[in-house]
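Have the viewer open and follow along.

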Amino acid sequence: MPLTLVAIVVAVVAWVWLRNQPASQRNAAILKLALLAGIGIVVLLAVTGRLHFVFAGLAFLYPLLRRLLPSLLRGGLGRVAGGAGAKSGNQSHVSSDILEMTLDHDSGIMSGKIINGPMEGRELAELSESEFLELLRYCRGQDEDSARLLETYLDRRFGDSWRADDEAASESDPSDGSGNTGGPLTESEALDILGLEPGASREEIIKAHRRMMQKLHPDHGGSNYLAARINEAKECLLG
């Protein structure tokens, strides 16, 4: 009975923690929980003297794992490598006057660097909460595209929690990011956004656009601004 109660409490805590994770990081969070659960089960079986059940199960599943594991590993490597027209590392890059953002297609993690302004040269991952808000105020005063890009980064990393401390947005009418996205894209910028190499085929462009929209559409934890840039990149490359 006590063990069942502990299991229920742990499950509830894990569920609450998972719900508080940003949508883009939930797959990684689920993997972490599964790994911790597996370790916990092995430790529990070892303490209760039932570890032999694990070895018996592994012996039973070994022939199946031996057949499936190589194909699973090849599939994972194939996803990392991407298509023929995809860039090595399977990443997309979006730049503005102040910020340069990189999105890893496989993990969904967005990283960024400040390329202009008082904090030039710093990585976004290094900033404190007060520095994020200071940078956001600077972007709003200097470049609207940079402000939208930073808001997208903050949403993906912190969810909506940062908005409670964003006094500037509450004192004005915040844009939903669905308006004008700035000047027209060059071919090089469009390729960077879709994560493609020069010379990509029409089919590769359409496939990359579909993949990016699945990850960054507003309905899937993305933003109107990034969705607009992705659509603009597709139109630029396809004419």
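**Entry: salt bridges**

I started with Glu144 and Arg148, which form a salt bridge whose closest N and O atoms are 2.5 Å apart; the term needs a side-chain nitrogen of Lys or Arg within 4 Å of a carboxyl oxygen of Asp or Glu. Both residues sit in helix α5, four residues apart, about one turn of the helix. An α-helix has 3.6 residues a turn, so residues three or four places apart point the same way. I noted Arg148 as buried at 6% relative accessible area, while Glu144 is partly exposed at 46%. Here buried means under 20% relative accessible area, exposed over 50%, and partly exposed in between, with a 1.4 Å probe and protein chains only.

This is a predicted model, so I kept its limits in mind: local features need pLDDT of at least 70, side-chain atom pairs count only at pLDDT 80 or more, and totals for chains, interfaces and linings use all residues. Residues are numbered from 1 along each chain as its sequence is written, and side-chain values use heavy atoms, with hydrogens and water left out.

Next I looked up Glu151, which forms a salt bridge with Arg140, their closest N and O atoms being 2.8 Å apart. This pair links distant parts of the chain, with Glu151 in α5 and Arg140 in helix α4 (residues 129–142), 11 residues apart. Glu151 counts as buried at 14% relative accessibility, and Arg140 as partly exposed at 29%.

Elsewhere, salt bridges that share partners join Arg122, Glu126 and Glu131 into one network. My count came to five salt bridges.

**Entry: the whole chain**

I listed nine helices and three strands; these are DSSP runs numbered from the N terminus, helices being H or I with at least four residues and strands E with at least two. Of the 239 residues, 31% count as buried.
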